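Here's a quick tour of a fold, written for someone who likes cut-offs spelled out. Have the viewer open and follow along.

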Amino acid sequence: MMDNQDKAYPLLDAIDSPADLRRLAQDQLPEVCAEVRQEIIDVCSRHPGHLASSLGAVEIAVALHYTLDTPEDRIVWDVGHQAYAHKILTGRRRQFHTLREWGGIKPFPSPDESPYDVNTCGHASNSISIALGLAVAAQQSASKRKVVAVIGDGAMSGGLAFEGLNNVSSTPNNLLIILNDNNMSISPAVGGMKHYLHHLHTSNTYNTFRWRAAQKLASWGLLSESRKKDIIRFNNALKAVLTHQRNIFEGLAIRYFGPIDGNNIDELVRTLNEIKDMEGPRILHVHTVKGKGYRAAEHNATVWHAPGKFDPKTGERKCGGDEDCPPKFQQVFGKTLVELAERNDRIVGVTPAMPVGCSMDYLFKVMPRRAFDVGIAEGHAVTFSAGMAIDGCIPYCNIYSSFAQRAYDNIIHDVAISRLHVVLCLDRGGLVGADGPTHHGAFDIAALRAVPHLTIASPLDGKELRRMMYTAQMDGMGPFVIRYPRGRVSDKDWHCELESVPVGRARCLKEGHDVALISFGPIGIQAAEAIRQVEADKRAQGLDYTIAHYDLRFVKPLDEETLLDIGRRFSRIVTIEDGVRQGGMGSAVTEFMEDHGYTPHMTRLGLPDEFVPHGAIDQLYAEVGLDVESIKHAIS
């Protein structure tokens, strides 16, 4: 059952697969694009998702499925949040209104969902490497399958994209790369690649001359497969002479086409038909407008990247009474960072393309010379921070937890070994909800607690986040990790005085004598509610049953004094964390008890040894046993 029965979609209603699309006449495609675009706007207005990026890529999706024989031919999307039109055209339109909901359509392409989805693509910059592997595999099996990588929304700034591009130039392949250049990631794109792409152009004089030269070379028998790479290099050198410009792709012996208007479906189809059967690596550079077709999204693509619910007619966003709620953790981070930077002129901010998402835009507004957006380049963000720290800066490097996985070596090699004073702020630690397994911050605790020299903390609430951020910038500190979740702080009075907390010290939130519950981070709020309900139930039964609650605060270094006291006093210990159980905080406590000769009964609550799907946070907590009812069962 679709969620848009009041809308008229005469062409789209007849498309259940790309085969249906390919039966249409080409002059019908502009109307198909208009209907797909309206479907995205209508559904996303009620079922929030990534709006602006997918609106800009509608024509790319339609043109590719129209000119290729998908799913036999392969399309690799990068990043996946620009692929809603692709989902709609590949048999998922009738379920599209379940996008990002529990049990519904996944937020990003996934081979678990559809044979048209080649790979998992929630993170950026992997398409060229994946697609090159597919193209080489096709050659190994003598397959005629075509492979296309669609890379856009700032993903070309990622280091893996350049690694893949370098290998494309040296490995025999027939890969077609479509560079969807919309001058954006989530926020406006930054860096030299942005400016470079903006100025690329193709000369009409050159194209005419190239065609005539190619015809003449072919007539002389010089344009052959065995001499293809020499011809491409000659081709590119000729263009450099005629246009006074040589671009990076042609310098790598990758044939370059464009730029063309990526929102012109006729031009896209014509160009793809001309180049899709060519041999050798090619790149088609297309310019698109992020938010295309929806005025509000075109004018403010950053806000409309993921706008939440909105009125599709007026463009009014439905904020849900935010003014009456405590701020989000990232907002507390952003405002506190400004306060700290005003007090300490050594503090700088670094973010890999997420200034709005992590609220570092606050610092950009008041101290633009002390805030750095490095693009989609998490490893570089960490190592760049290390370089500044070497010469006395104190960088607050804010990276989403799941994205920080790509900077693991940089954290170890460039920061931890040298004990550099870098404050790594891991936003979106724990389950994040509708963005699903590619975005859940599940692994940071387990991954980082094994690294020497790191301090790893997690605040219970907004006040604790402020205090930990203050502590992290104090003299004598080394690498300092602060992880916190997506969502709101629990305390409306979060704006406390900035003061330090003792590093490596837990705190007892509540005394008790039957069970010790140890929590790490904001999941402790749910633990406290579970304790309250269990003790109330026991009192109603006439039982004297009390539970001690400890906020660990630091998983590295551990508070040995407090843990030794817990080991002596309690025969039952329950640990709870919003991270994987294996190797996480609960494992650290269990190891400590074992190492010191204590044998309490340990119950470790955390994320299971599997990838948690997408859905509302409350649904996910119930699914993995971190909701109040599950905690109550564990401590009763």
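Contact here means heavy atoms within 4.5 Å. On that basis, residues 24 or more positions apart account for 78% of the chain's contacts with a separation of 6 or more. A word on provenance: this is a predicted model, where local features need pLDDT of at least 70, side-chain atom pairs count only at pLDDT 80 or more, and totals for chains, interfaces and linings use all residues. Residues are numbered from 1 along each chain as its sequence is written, and side-chain values use heavy atoms, leaving out hydrogens and water.

Of the 636 residues in the chain, 58% are buried (under 20% relative accessible area, with a 1.4 Å probe and protein chains only). The chain has 25 helices and 17 strands; these are DSSP runs numbered from the N terminus, helices being H or I with at least four residues and strands E with at least two.

Five strands make an open, mixed sheet in the order E12-E14-E13-E16-E17, where pairing takes at least two DSSP bridges between two strands. Strands E12 (507-510) and E17 (601-607) sit at the edges with a single partner strand each, so one side of each has no neighbour in the sheet. From one strand to the next, the twist averages 25 degrees (axes are lines fitted to C-alpha atoms, for helices over the stretch in contact, and angles between N-to-C directions run from 0 to 180 degrees). E13 (residues 515-520) and E14 (residues 547-551) are parallel, with five bridges, and leucine 517 has histidine 549 in E14 as its bridge partner. Helix H22 (residues 560-569) packs on this sheet, touching E13, E14 and E16 (572-580), and its direction makes about 165 degrees with that of E14.

Next, the nonpolar cores: sets of buried Ala, Val, Leu, Ile, Met, Phe, Trp, Tyr and Cys residues joined through side-chain atoms within 4.5 Å.

| Core | Size | Residues, among them |
|---|---|---|
| Largest | 75 residues | Phe333, Tyr396, Ile482, Ile518, Ile566 |
| Second, separate | 53 residues | Val32, Val62, Ile105, Val286 |

Isoleucine 566 touches Ala516, Ile518, Tyr550, Ile573 and Met593, leaving out residues up to four places away in sequence.

Is leucine 268 buried or exposed? Leucine 268 lies in helix H12 (residues 265-275) and is buried, at 1% relative accessible area. Beyond its neighbours within four places in sequence, leucine 268 has contacts including Glu59, Ile60, Ala63, Leu284 and Val286. Leucine 268 and leucine 284 are 16 residues apart in sequence and 9.8 Å apart from C-alpha to C-alpha.

Methods:
Buried < 20%, exposed > 50% of the residue type's maximum accessible area, 1.4 Å probe, protein only.
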